[in-house]
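Hi everyone, thanks for coming. Today I'd like to walk you through a few local features of one structure, so please have a look at it on the screen.

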Amino acid sequence: MRKQIRKVAVLGSGVMGSAIAAHFANAGIPSLVLDIVPKDAGDNPKARSAIAAKAVAAMKKTRPSPLFSADLMGLIETGNFEDDISRIKEADWVIEVVKEDMAIKKIVLANAAPHIAPDAIFSSNTSGLSLSEMSATLPDDLKPRFMGTHFFNPPRYMKLFELIPAPDTDPALFEFVADFACKRLGKGIVLAKDTPNFIANRVGVHAMMATVQVMNELDLTIEEVDAMTGPAIGRPKTATFKLADLVGLDTFVHVAENIYPLIPDDEARETFKVPAFMGEMVAKGLLGRKSGAGFYKMEKKPEKKFFTLDLKTLEYRDKGKIKLPEITAAKSIEDLPERLRTLAFGKGKAGQAIWKMMAASFSYSAMRLGEICDQAAEIDLAVCWGFNWDLGPFEVWDVLGFRKVVERMREDGLPLPTWVDALYDSGGEAIYKIENGARMSPTAEPGVFASVPGDQRVFDFDILRTQEKEVRRNPGASLIDLGDGVLGLEFHSKMNAIGQDTLNMVMTACTEAENNWQALVVANGADNFSVGANLMMLLMEAMEGNWDDINLIIRAFQTATGRLEHCGVPVVTAPAGLALGGGCEMTMGANAVRCAAETYIGLVEFGAGVIPAGGGCLRLYQRNVDLLTDKRDLQPAFRRTFETIGMAKVATSCAEAKELGFLRPGDSWSMNRDHLPADAKDLALALARGNYASPGDDLAIPVMGTAGIGLAESVLYNMKEGGYISAHDMKIGMELANTIAGGKVPPGTTVTEKDMLDHEREGFMRLLGERKTLERMEHILKTGKPLRN
């Protein structure tokens, strides 16, 4: 019988416990969250469960939200350990998520054990405590169902899920949890050994502590270290000290102090020793964002100003300017491997520091292979997914040159394991290798490699190209054979901005699909599906007064999205990341959407001083009209469309996208973004096999006409007079109102799709001719932020 997870129980309602329950809710799975009874609760049932209830309720205000939609709160029940512990028998998976304290965990595990269903999974969510020690306290019949599960915080957004077997864990059940977490929870699974802090925290915390040592050795400032350890080397903007402030210095110190006594034989043990200044910071309550001050501090009055902690005096000073010529020069190098080579082998202060930081991480990662995991790829995956690094330590090592790095590390006297020496002595040129088409990474046994864990549900568009699956290509997009009669349309311009090349390929894709394929999927493997139309191109055309060319471009955009909608075979769009403006319009043009759960989608043109003109106004209004139960009253559909576009609302999940109307009620999403193209392909084939018929043009769209225009004018006038919007905002709003009202026609008139598209295009053109619109566009291109003028 196939095992299912229909309900979970979460033991502990702290920040992590509540967030784990929230993410199960995101996956559509109900949960029961339990915590202790407050000391003064008495017999009042509500008061006795107040800790769990308040923790869960607090998620409504948490930003970024742990939930896709506030409506999902209904899937989370709360209770307490004393009155409701017997209810955990209802759960298929019980997860302990209490304080990272072995004594407390053992008590909770022992109290829960008698109430767990005979076939339920039992796991401890721990960031590094011994699963073997916990398992020893459990009944024999429960031990095969017990394992370690380490969700990274916050669970909704962090991909890493470390899975750790206890001594008696059933391998089949262990594999089931890995598969479930991958497919239903959208996680990247890394199998770790039961060692202190597992993989990501062991390697990641070492990297940070080694960075602190280098900082002290070279007398670097906090600002200099963060400049060197952020995007410059393929890591997040939080870099080192901003990350510590974000996580909480007390948490970081606890992790380091926890591991130190547990690794007596670790050659880098002293690196984990917490520096005196960190201990003093914790004692003073300088914990980071949670306390209002840490390595950095912001003061809002009398004006917004940032300060940095002087680690010698523990007093705050003005945030200093960074003078690192190597880092400044590296910003112009877009290719990460080239940038890493330039920085790591640089001769200046930054080059010296970056090499020392990286070399310490290379050495430590290599020495841990075999102890914390079985192969090198697992370390790279863990730190990339757990800390959002672009490349793991072994991948960076290969980028810099395996042999060159080994030689320099030997000169520096850094420890290297026998497997590295053997690979070097055998003439090896890289840590990773390709063998019979499979990517391989080393194990701790010299000369022995293992296949890097793969996933058949993942489409790698670059690999498909090497397999000669690319059907056609231009600078903006490609057509790719996705197999089984499905054609893929992939955007690949910078940020996937939509220009003429992309529009041409959309038209080609539809014709090609109709002639030779069963279905068309619009997808790509980039961080963002599309940030919208190429603003720079439109701005240059407008400044040169090429209005006929702009008119043709907008017509081409409308024709392309319409071609997707009316294609003779099913078209499925698969957005992920950002799908804004024209990217949203491309998404809405398809017959069905399969999006990544973490998709940020919206019609944001208002911020650039224009209105959507690629069919966005038309399709959002049509969808809102379709939701009406009484189509004689169009005001709710008009108002909803006007507010969504006029406020440039962006959905922060696919669930919100449905609420805003960017997705239809029947559209769906993938929890695992890596599976998105494959899921979209499956959907497209299902549509093709279901007697698909291309939708016809809507020739009778009911509109409010002059009544809608008058309503919008009244609202906008009051807002302008109240100082809430500018005169230019009102002008944009009136063009939007004219479009979704169907123009100056009598209320209740029906118009065609072509009529509304003409209003979109003409309104866009009029606004683009405004000086203030061009100022907004220039500001966005320079700063990435909208301008109110």
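Let's begin with helix 6, residues 171–183: its 13 residues reach 18 Å from the first C-alpha to the last, close to the 18 Å expected at 1.5 Å a residue. Please keep in mind that this is a predicted model.

Now look at how helix 6 begins. A side-chain oxygen of Asp170 comes to within 2.9 Å of the backbone nitrogen of Ala172 there.

Which residues of helix 6 are buried? They are Leu173, Phe174, Phe176, Val177, Ala178, Phe180, Ala181 and Cys182. And what do these buried residues pack against? Their partners are helix 1 (15–26) and a set of strands: strand 4 (93–96), strand 5 (121–124), strand 6 (146–151), strand 7 (160–165) and strand 8 (188–191).

Next, the cysteines. How many disulfides are there? The count comes to 1 disulfide. Cys595 and Cys654 form it, with their sulfur atoms 2.0 Å apart. Cys595 sits in strand 21 (residues 592–596) and Cys654 in helix 26 (residues 654–660), so this pair ties together parts that are 59 residues apart in sequence. Are these two cysteines buried or exposed? Both Cys595 and Cys654 are buried.

Let's go back to Cys182, from helix 6. Cys182 takes part in no disulfide, and the nearest cysteine sulfur, in Cys384, is 17 Å away. With a relative accessibility of 13%, Cys182 counts as buried, because the cut-off is under 20%.

Last stop: a sheet. In general, strands of a sheet pair through backbone hydrogen bonds, either parallel or antiparallel. Here we have an open sheet of 3 strands in the order 9-10-11, and the pairing is antiparallel. Which strands are at the edges? Strand 9 (296–299) and strand 11 (315–318) are, as each pairs on one side only. From one strand to the next, the twist averages 40 degrees.

To zoom in, strand 10 (residues 305–310) pairs with strand 11 over 4 bridges, in the antiparallel sense.

Methods: Residues numbered from 1 in each chain as written. Predicted model: local features only at pLDDT ≥ 70, side-chain atom pairs only at ≥ 80, totals over all residues. Heavy atoms only, no water. Disulfide = S-S within 2.5 Å. Helix = DSSP H or I, 4+ residues; strand = E, 2+ residues; numbered from the N terminus. Buried < 20%, exposed > 50% of the residue type's maximum accessible area, 1.4 Å probe, protein only. Expected span 1.5 Å × (residues − 1). Contact = heavy atoms within 4.5 Å. Polar contact = N/O pair within 3.5 Å; in protein donor to acceptor, adjacent residues only side chain to side chain. Pairing = 2+ DSSP bridges. Axes fitted to C-alpha atoms, helices over the stretch in contact; angles between N-to-C directions.
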